[in-house]
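Dear colleague,

Please find below the structure for your review.

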Amino acid sequence: MASVGSHRELIVWQKAMNVVAECYNLTRSFPNDERFGLTSQLRRAAVSIPSNIAEGKGRGTTGAYVNHLSIAAGSLAEVDTQIELAVKLGYLNASSVDSVTIKLEEIGRMISGLKRSLERNANS
């Protein structure tokens, strides 16, 4: 069974929420014709990270929690890819994304560690 407590207490969720805000700020400078393209895609993928962490925690079973953490990790990879694409398209410069890239790597490590811990505890 997944641990008790609110998703709001999870540092990984808090960090992911901060990345969502950062992604929204980054995409404000995108061209208007990207509003329904890369801007929307990047924002939705960013929102998906903390959303899936929270949903998995709220499901109440270890299996569901681990599954939603996997989805969050997938969304994290999407955000990383879309940010790289925005740099290649000239919408962002590489130095402006350094901070969010470092945060994404940290969140990825935290998600992986949480998954390992949950799986280990489920198997003991």
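Helix α3 passes helix α4 in a left-handed crossing; a crossing is left-handed if the near helix is turned anticlockwise from the far one by less than a right angle, and right-handed if clockwise. This is a predicted model, in which local features need pLDDT of at least 70 and side-chain atom pairs count only at pLDDT 80 or more, while totals for chains, interfaces and linings use all residues. Residues are numbered from 1 along each chain as its sequence is written, and side-chain values use heavy atoms, with hydrogens and water left out.

Helix packing

Helices (H or I, at least four residues) are DSSP runs, numbered from the N terminus. Two packed helices are described by the angle between their axes and the distance between the axes. The axes are lines fitted to C-alpha atoms, for helices over the stretch in contact, and angles run from 0 to 180 degrees between N-to-C directions.

The axes of α3 and α4 are 10 Å apart, and the two helices pack at an angle of about 165 degrees. That makes α3 roughly antiparallel to α4, a description used for angles over 145 degrees. The residues of their contact (heavy atoms within 4.5 Å) comprise 18 nonpolar, four polar and three charged. Here Ala, Val, Leu, Ile, Met, Phe, Trp, Tyr, Cys and Pro count as nonpolar, Asp, Glu, Lys and Arg as charged, and the others, Gly among them, as polar.

For α2 and α3, the packing angle is about 160 degrees and the axes are 8 Å apart. These two helices are therefore roughly antiparallel to each other, and their crossing is left-handed. Their contact residues divide into 16 nonpolar, seven polar and four charged.

Helix α1 (residues 11-27) and helix α4 (residues 94-122) have axes that come within 10 Å and cross at roughly 155 degrees. α1 is thus roughly antiparallel to α4, and α1 passes α4 in a left-handed crossing. Among the residues making this contact are Val19, Cys23 and Leu26 of α1 and Val97, Val100 and Ile107 of α4. By type, the contact of α1 with α4 has 13 nonpolar, two polar and four charged residues.

The nonpolar core

In soluble globular proteins, nonpolar side chains tend to be buried together. A nonpolar core is a set of buried Ala, Val, Leu, Ile, Met, Phe, Trp, Tyr and Cys residues joined through side-chain atoms within 4.5 Å, where buried means under 20% relative accessible area (1.4 Å probe, protein chains only). The largest such core has 32 residues, and Cys23, Ile49, Ile53, Val79, Ile83, Ile107 and Ile111 have the most contacts inside it. At least two residues of this core come from each of α1, α2 (38-59), α3 (62-88) and α4. α3 gives the most, with eight residues.

Individual residues

Apart from neighbours within four places in sequence, valine 79 is in contact with Cys23, Leu42, Ala45, Ala46, Ile49 and Leu104.

Leucine 26 lies in helix α1 and counts as buried, at 13% relative accessibility. Leaving aside neighbours within four places in sequence, leucine 26 contacts Leu92, Ser96, Val97 and Val100. Leucine 26 and serine 6 are 20 residues apart in sequence, and their C-alpha atoms are 29 Å apart in space.

Threonine 39, in helix α2, is buried, with a relative accessible area of 7%. Not counting residues up to four places away in sequence, threonine 39 touches Thr27, Phe30 and Glu34.

Yours sincerely

How values were computed. Parallel < 35°, antiparallel > 145°, perpendicular 65-115°, else oblique. Buried < 20%, exposed > 50% of the residue type's maximum accessible area, 1.4 Å probe, protein only.
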